Amino acid sequence: MTDQDLHAHLIGRQGSRADLNTPVLVIDAPALKRNIAEMARFAASKGLQVRPHAKTHKSADIAKLQIAAGAVGLCCAKLGEAEALAEGGVLKGLHITSPVVSPPAIARLAALNLKVEAMMCVVDHPDNAAALGEACAKAGKPLNVVIDIDPGIRRTGVASAEAAVALLAAIRAQPGLTYKGVQFYCGAQQHLEDFAARKAAMEDRAAYLRTVIAALTEAGGAPEIVTGSGTGTHRIDAEFGLFTELQVGSYVFMDAQYLACGEIGPYETSLYIDARVVSANAAPAMVTVDAGFKAFSTDADKPVIASGAPEGSKYFFMGDEHGAVVLPPGAEAPALAARVTLTAPHCDPTVNLYDTYHVVDGETLTALWPVSGRGRSR
């Protein structure tokens, strides 16, 4: 049975969150909307655009809320995510932040470009520029591209100002491409917990970005768009006078990794996993819940208990399907079948484990939103 089969009849019924089949992915709708509104307010106050990263939520419903709040479009990590958003009705300002290089994928991108207004993609190699340009010229609509600049991760992007200028020339040689600017995403700096260290790291990277922009400008390629930044550094990046738009993503949910970082902003946790006590026999100070490795990402710290267990209780993985809630000394254990709500350690890969968001306002289920980009990694 699907989540729709199991839970659609609960929508709008007072207290219906208590009747959800667990484990289940839950969005606190008021908190989500406050986060979206706060980022829109902040960006507007700095004269910046927001192009949120959909890899966080993989949801056309959330994307539409972000656009309604003023976002110019959405970033997508992969082509499949962009296709899924387009299928969900998001047809403007989609930007693919990783290179699209294989012939089948380039053909799909050229087709998607015909459907989406102001479609955009990164490019970091002259051969890729030639392949994209040929496909989009043949399809009959130029593709907007930005030069991906490696900020030092050595994952994707051109590695020097000289390489950026050479790539600019390659792009301009293609009638099927329209040069729009640069992308500079500093992923390694996003999770530095100490604000001063994060600020110093970004000041260093911003100095490098200035040299690349200066070289492009001298070559006649002053960027119209400088896209990048993220939830962890957006308040720092907004002061550099370099970026034109923010690729923030996790601010909508605020997982444990970002909550550990100082001075990000007044964003709230809005993403939860509801679990249920399925056994209370193991020990007086422990109960077992029905959420294990298959319910959370495992690339970060353990989930944190938000509610449903005494203060000081800790969660530990106990296998694919189960987790332990270990209680502090003398605490009363949750009852069998009681709900225990946990936060996501890392939101993006946790979301990718589920098919549906269960949207709640307090204790009432208000909507079911599909995780529309789930599995669309290609």
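**Helix packing and cores**

Mentor: The crossing of α4 and α5 is left-handed, meaning that the near helix is turned anticlockwise from the far one by less than a right angle (clockwise would be right-handed). Helices here are DSSP runs of H or I with at least four residues, strands are E runs of at least two, and both are numbered from the N terminus.

Trainee: Which residues of α4 and α5 make the contact?

Mentor: From α4 they are Leu79, Gly80, Ala82, Glu83 and Ala86; from α5, Ala105, Arg108, Leu109 and Leu112. Contact means heavy atoms within 4.5 Å.

Trainee: And at what angle do α4 and α5 pack?

Mentor: About 30°, with the axes 11 Å apart, for α4 at residues 79–87 and α5 at 103–115. α4 and α5 are therefore roughly parallel; the cut-offs are under 35 degrees for roughly parallel, over 145 for roughly antiparallel, 65 to 115 for roughly perpendicular, and oblique for the rest.

Trainee: Before I go on, what kind of model is this, and how is it numbered?

Mentor: It is a predicted model, where local features need pLDDT of at least 70, side-chain atom pairs count only at pLDDT 80 or more, and totals for chains, interfaces and linings use all residues. Residues are numbered from 1 along each chain as its sequence is written, and side-chain values use heavy atoms, with hydrogens and water left out.

Trainee: Changing topic: how many residues are in the largest nonpolar core?

Mentor: 54, and Leu94 and Ile147 have the most contacts inside it. A nonpolar core is a set of buried Ala, Val, Leu, Ile, Met, Phe, Trp, Tyr and Cys residues joined through side-chain atoms within 4.5 Å. Helix α8 (residues 195–218) gives the largest share of this core, 8 residues.

Trainee: Last one: is Thr343 buried or exposed?

Mentor: Buried, because its relative accessibility is 11%; buried means under 20% relative accessible area, exposed over 50%, and partly exposed in between (1.4 Å probe, protein chains only). Thr343 sits in strand β15, residues 339–343. Beyond its neighbours within four places in sequence, Thr343 is in contact with Thr269, Leu271, Tyr272, Ile273, Phe296, Pro303, Val304 and Ala306.

Definitions and conventions:
Axes fitted to C-alpha atoms, helices over the stretch in contact; angles between N-to-C directions.
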